[in-house]
Amino acid sequence: MTAPLLTSLAAPGDDRPDALSVGGRALAREELLGAAGAVAARIAGAPVVAVRATATPETVVAVVGALLAGVPVVPVPPDSGPAERDHILRDSGATLLLTGEAVDAPVETVPVDLTERAAWTKPEPDPESTAFILYTSGTTGAPKGALISRRAVAADLDGLAAAWAWTAEDTLVHGLPLFHVHGLVLGVLGPLRTGSRLVHTGKPTPAAYAAAGGSLYFGVPTVWNRVVQDPDSARALASARLLVSGSAPLPAPVFRELERLTGQRPIERYGMTESLITLSTRADGERRPGYVGSPLSGIRTRIAAEEGAEIGELQLTGPTLFDGYLNRPEATAGSYTGDGWFRTGDIAAIDPDGFHRIVGRASTDMIKSGGYRIGAGEVENALLDHPAVREAAVVGAPHEDLGQEIVAYVVADGIGERDLIDFVAAQLSVHKRPRKVRFLEALPRNAMGKPQKKLLPPA
Ligand code: MLC
Ligand code: AMP
């Protein structure tokens, strides 16, 4: 039986004044619980609450407050422009926006004050109820809200704690954004459930990681690539217990450089917003470059391969899966096979010893840049919203540091690259901006008039 999500949060024990530190501001567990109790009292009964998810202690207090009150939380990227933010607020049905600083918003804002205190004594909500609505991009259209239950989060964190021997003795260090699975679900609720300390560095820079002195470190491959480019910072991580990479493929050369500089092989784990983390190498097991290990407890995997082939779509079942996309029954149905397995859209292979290798994505319209998932269609639609743009095609081009970089091909009149990049950054989120824009006379199309991305010139 999986214990309720917030079981260890309320347990007495850790009275360190810096149990949790975000961007240099620290909170004791009791302070977190008191301030979150005050948030819970203010928002109890709301159908859905949004949180402006800056990398601050206010975000942690807001999220924990909503989880105490049993109100589903929608994290909103703090740099999201009006198009993305308004879509998330409208689509999720959020009636309140919790925020650490005053902002204009189309819904009522509720300030989060770290000094407020209230005891919250109500029992934990039903484990099957929704903990999070996480907005995530598909290949086309606007992001969809993935419904993540309390049970799924609790099961996932327990599976990871077992795989990584993650305990209250650890200090987790990371500087990832607090609006996705990696930084928020693993990176904030993980420490609260395992009882470990958390040091969030504000930004995931090599120097900040080196200075933090943790035992457990999280990063996306771009972060690890930057760490190995800074050998002094990398060497400072030699005393850590585990360096964990995820959210995108860790290039084998970065894996090897990390081993050379720190004396230890990184842990690689694989996951998705819809499934949470499902595969990982283990603290006491083998770690092989290019492999994401074996299923966490309770997860089953299979490869849907053509007759005779070993490589095919990775499919999953298990307790960490989402409960569908909010208000999108067709998209939800389409993400499952007829016999009830979740279709990841990732192409993978499983070695005879059970080790999984992710080979790529089924669709080139799903881009991973710096560990962020970005749908090509979403960026194309944003570009087409600009009056000067007549046609747009967006691709992910291989990039040494970001894994992929977003490149936009447009047919447009009287506008320059910089203006279009800034336009997307302002409408969506900064990380969804194209890094390059190429101007064409026309997009390559087939006889049916459909754009042919394969025929686009090199970036
Ligand atoms: C640049 N900036 C602009 C801009 N151009 N601002 C406005 N308009 C423009 N046109 C500014 C930004 O505001 C920012 O400022 C600065 O430039 C850097 O932005 P960037 O270039 O986007 O940052 P970069 O260095 O490329 O970021 C790399 C990174 C980041 C690794 C730090 O990509 C990152 O945090 N990735 C993590 C993604 C993640 O957590 N994914 C997990 C998904 S969950 P300033 O001053 O603010 O720095 C998942 C499941 C799983 O995948 O398996 O885990
Ligand atoms: P997101 O929904 O943002 O969590 O992105 C999920 C996607 O990230 C997956 O479908 C994979 O394509 C990719 N991903 C996550 N972890 C890894 C990994 N360790 N190796 C390769 N790809 C990964």
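Biologist: How many bridges join strand β17 to strand β18?

Modeller: This is a predicted model, in which local features need pLDDT of at least 70 and side-chain atom pairs count only at pLDDT 80 or more, while totals for chains, interfaces and linings use all residues. Residues are numbered from 1 along each chain as its sequence is written, chains are lettered from A and ligands numbered from 1 in the order in which they are written, and side-chain values use heavy atoms, leaving out hydrogens and water. Strands (DSSP runs of E, at least two residues) and helices (runs of H or I, at least four) are numbered from the N terminus. Strand β17 (residues 312–317) runs antiparallel to β18 (residues 342–350), and the number of bridges that join them is 4.

Biologist: Which residue is the bridge partner of Glu313 in β18, and which strands are at the edges of that sheet?

Modeller: In β18, Glu313 has Ile347 as its bridge partner. The open sheet has 4 strands in the order β16-β17-β18-β19 with antiparallel pairing, where two strands pair if DSSP finds at least two bridges between them. Pairing on one side only, the edge strands are β16 (300–304) and β19 (356–361).

Biologist: In the open sheet of 9 strands, which strands stand at the edges?

Modeller: The order is β2-β1-β10-β9-β11-β12-β13-β14-β15, with mixed pairing. Each edge strand has a single partner, so one side of each is left without a neighbour in the sheet, and these strands are β2 (25–27) and β15 (294–295).

Biologist: Which residue in β14 stands opposite Tyr270?

Modeller: Strands β13 (residues 267–272) and β14 (residues 276–280) run antiparallel and are joined by 4 bridges. Opposite Tyr270, the residue in β14 is Leu279.

Biologist: How many residues of helix α5 are buried?

Modeller: Helix α5 (residues 150–164) reaches 21 Å from its first C-alpha to its last, close to the 21 Å expected at 1.5 Å a residue, the expected span being 1.5 Å times one less than the number of residues. Buried means under 20% relative accessible area, exposed over 50% and partly exposed in between, with a 1.4 Å probe and protein chains only. Arg150, Asp156 and Trp164 are among the buried residues, and of the 15 residues in α5 the number buried is 12.

Biologist: Why does Ser429 count as buried, and which side chain does its own join in a polar contact of 3.1 Å?

Modeller: Ser429 lies in the loop between α13 (417–427) and β24 (436–439), and it counts as buried because its relative accessibility is 0%. A polar contact is a pair of N or O atoms within 3.5 Å; within protein, one must be able to donate a hydrogen and the other to accept it, and residues adjacent in sequence count only if both atoms are side-chain atoms. The side chain that Ser429 joins at 3.1 Å is that of Glu84.
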